[in-house]
Amino acid sequence: MAHNGPWCRTGVVWDGAAAPEQFARVYRRRLRRTRRTGQETAGLEDAVDRLAAHRLPVRLGQVTSADGGWTYLLFLSQDARTLLACTGVRRRG
């Protein structure tokens, strides 16, 4: 499902779901890397904590801000009706 609107340049929710611990593991590594490189993020540590505590399958979505400066990852319930966590990363360049 794709979406474009005044608040985002592009958006998508991918089909399928995965175990939340898989996402927590991947984004924990990204948290360490962004801290090491100084890349600006929003809510990444909180998203990792929420994913680690969640027990049901999670779907992934993504939106890019209208100005293109940020990309946000949306961690959604399996039916994509509930936002479980969100993190953003400032795009370089």
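Visitor: Is Asp 46 buried, exposed or partly exposed?

Guide: Good place to start! This is a predicted model, so each value here is computed from it. The idea is to see what share of a residue's area is accessible: under 20% is buried, over 50% is exposed, and the range between is partly exposed. Asp 46 has a relative accessible area of 42%, so it is partly exposed. You will find Asp 46 in helix H2.

Visitor: How far apart are Asp 46 and Cys 86 in sequence and in space?

Guide: Sequence and space are two separate ways to count distance. Asp 46 and Cys 86 lie 40 residues apart along the sequence, while their C-alpha atoms are 8.4 Å apart in space. Thr 10 belongs to strand S2 (residues 8–13), and its relative accessibility of 39% makes it partly exposed.

Visitor: How many residues does the largest nonpolar core have?

Guide: In soluble globular proteins, nonpolar side chains tend to be buried together. Here the largest nonpolar core has 14 residues, and among those with the most contacts inside it are Phe 23, Tyr 27 and Leu 51. Helices H1 (20–37) and H2 (44–53) each give two or more residues to this core, as do strands S4 (58–65), S5 (70–77) and S6 (83–90).

Visitor: Which residues does Leu 51 touch, leaving out those up to four places away in sequence?

Guide: Leu 51 touches Pro 20, Phe 23, Ala 24, Val 58 and Phe 75.

Visitor: Which residues of H1 are buried?

Guide: They are Pro 20, Phe 23, Ala 24, Tyr 27, Leu 31 and Thr 34. Look down the axis of H1 and these buried residues fall within an arc of 95 degrees, so they line one face of the helix. They pack against strand S3 (41–42), H2, S4 and S5. Just after H1 comes Gly 38, with a positive phi of about 80 degrees.

Visitor: In which sense do S4 and S5 pair?

Guide: For paired strands, look at the direction and then count the bridges. S4 and S5 pair in the antiparallel sense over seven bridges, and Gly 61 stands opposite Leu 74 in S5. Their hairpin has four residues between the strands, and there Gly 68 takes a positive phi near 80 degrees. Seven of the eight residues of S4 are buried, so S4 is largely enclosed by the rest of the structure.

Visitor: How many bridges join S5 to S6?

Guide: Seven bridges join S5 to S6, which run antiparallel. Thr 71 stands opposite Val 89 in S6. In the hairpin of S5 and S6, with five residues between the strands, Ala 80 takes a positive phi near 65 degrees. S3 and S6 also run antiparallel, joined by two bridges, and there Ala 42 has Gly 88 in S6 as its bridge partner.

Terms used:
Residues numbered from 1 in each chain as written. Predicted model: local features only at pLDDT ≥ 70, side-chain atom pairs only at ≥ 80, totals over all residues. Heavy atoms only, no water. Core = buried A, V, L, I, M, F, W, Y, C linked by side-chain atoms within 4.5 Å. Buried < 20%, exposed > 50% of the residue type's maximum accessible area, 1.4 Å probe, protein only. Contact = heavy atoms within 4.5 Å. Arc of directions from axis to C-beta. Pairing = 2+ DSSP bridges.
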